[in-house]
Amino acid sequence: MINPHTGRVHTSYNQAVAITGRLASSDPNLQNIPVRTQEGRRIREAFIAPEGSHIVSADYSQIELRIMAHLSQDAGMLQAFANKEDIHRATAAEVFGVAKDQVDSEQRRYAKVINFGLIYGMSAFGLAQNLNIERSAAASYIERYFARYPGVRAYMDDTRALAKQQGFVETYFGRRLWVPAINSANAMQRAGAERAAINAPMQGTAADLIKLAMIAVQNWLVSERLQSKLIMQVHDELVLEVPDNELELVKQKLPELMQNVAKLDVPLLAEVGVGSNWEGAH
């Protein structure tokens, strides 16, 4: 995979592959290197900054949940983000009926799976499998979740109905995502399209935001005549190669640029890491 002329690995980014509009990386796919396995981390360590430079990684924190809060206008979710609460801890407190400071790590992990699972249209059966619990317990968790965040349930129901009526959903910026199978006679295809209809506005809006961020960052690098380079986009993360003499400036400006590409009803948060290699920048 190493280019003989540059001595580097270069991916290709495809704009029209993923239905949500996210960039898709191929030959090699740099977006699919696991971040949680030892092997994946070892591979990330191979992406090394040249001497006199560092790798800087900046990624949007919990972007899809923040978009969900904005789109659904759920009061509880909006308040949690406005108060800078740990959303998974807040959800765990509600689902398990305990005080926020009493939530243990296992309960927070369950809440994280529920928070992200429901965005992807996960059923009680899917949640039960994921958490290795009884289906009745999973159904109970989902009911308690929707009792805590009724705006989320209303948003999901309304989005499903609108998609059936018009055949598409839209991102926050008005980009259309078509779901033709939503009125299919095939139950499995229909169910898949319903899940896509709920998830696509969030994934699609996240895709729009990171592309706007890439444009804002690149324009800034050019206007300031910096040597720093934007070298990778991995879902909600931008990766830059930054000379040491520009490091402090980029660390300070990068999150600011990413957080200000759009004004949602919840604050956008971008977190920055620095390292001699990609893994070290996390």
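## Around methionine 77

Apart from neighbours within four places in sequence, methionine 77 is in contact with Leu65, Met68, Ala69, Ile87, Tyr145, Tyr149 and Val152. Please keep in mind as you look around that this is a predicted model. Met77 also belongs to the largest nonpolar core, where it is among the residues with the most contacts inside that core.

**The nonpolar cores**

- The largest nonpolar core holds 57 residues, and Tyr60, Met77, Tyr145 and Met258 have the most contacts inside it.
- Helix α9, covering residues 187-223, gives this core its largest share, with nine residues.
- A second core of nine residues is separate, and Ala49, Ile55, Val239 and Trp278 are among its members.
- As general background, nonpolar side chains tend to be buried together in soluble globular proteins.

**The overall fold**

- Ten helices and eight strands make up the secondary structure of the chain.
- The chain is as compact as a globular protein of its length, because its radius of gyration of 20 Å is close to the 19 Å that the globule rule gives for 282 residues.
- Of the contacts in the chain with a separation of 6 or more, 58% are between residues 24 or more positions apart.

- Of the 282 residues in the chain, 46% are buried.
- The chain exposes about 14400 Å², and 50% of that is supplied by carbon and sulfur atoms.

Conventions
Residues are numbered from 1 along each chain as its sequence is written. This is a predicted model: local features need pLDDT of at least 70, side-chain atom pairs count only at pLDDT 80 or more; totals for chains, interfaces and linings use all residues. Side-chain values use heavy atoms; hydrogens and water are left out. A nonpolar core is a set of buried Ala, Val, Leu, Ile, Met, Phe, Trp, Tyr and Cys residues joined through side-chain atoms within 4.5 Å. Buried means under 20% relative accessible area, exposed over 50%, partly exposed in between (1.4 Å probe, protein chains only). Helices (H or I, at least four residues) and strands (E, at least two) are DSSP runs, numbered from the N terminus. Contact means heavy atoms within 4.5 Å. The radius of gyration is taken over C-alpha atoms; the globule rule is 2.2 Å times the number of residues to the power 0.38. Accessible areas come from the Shrake-Rupley method with a 1.4 Å probe; for residues, only the protein chains shown count as cover.
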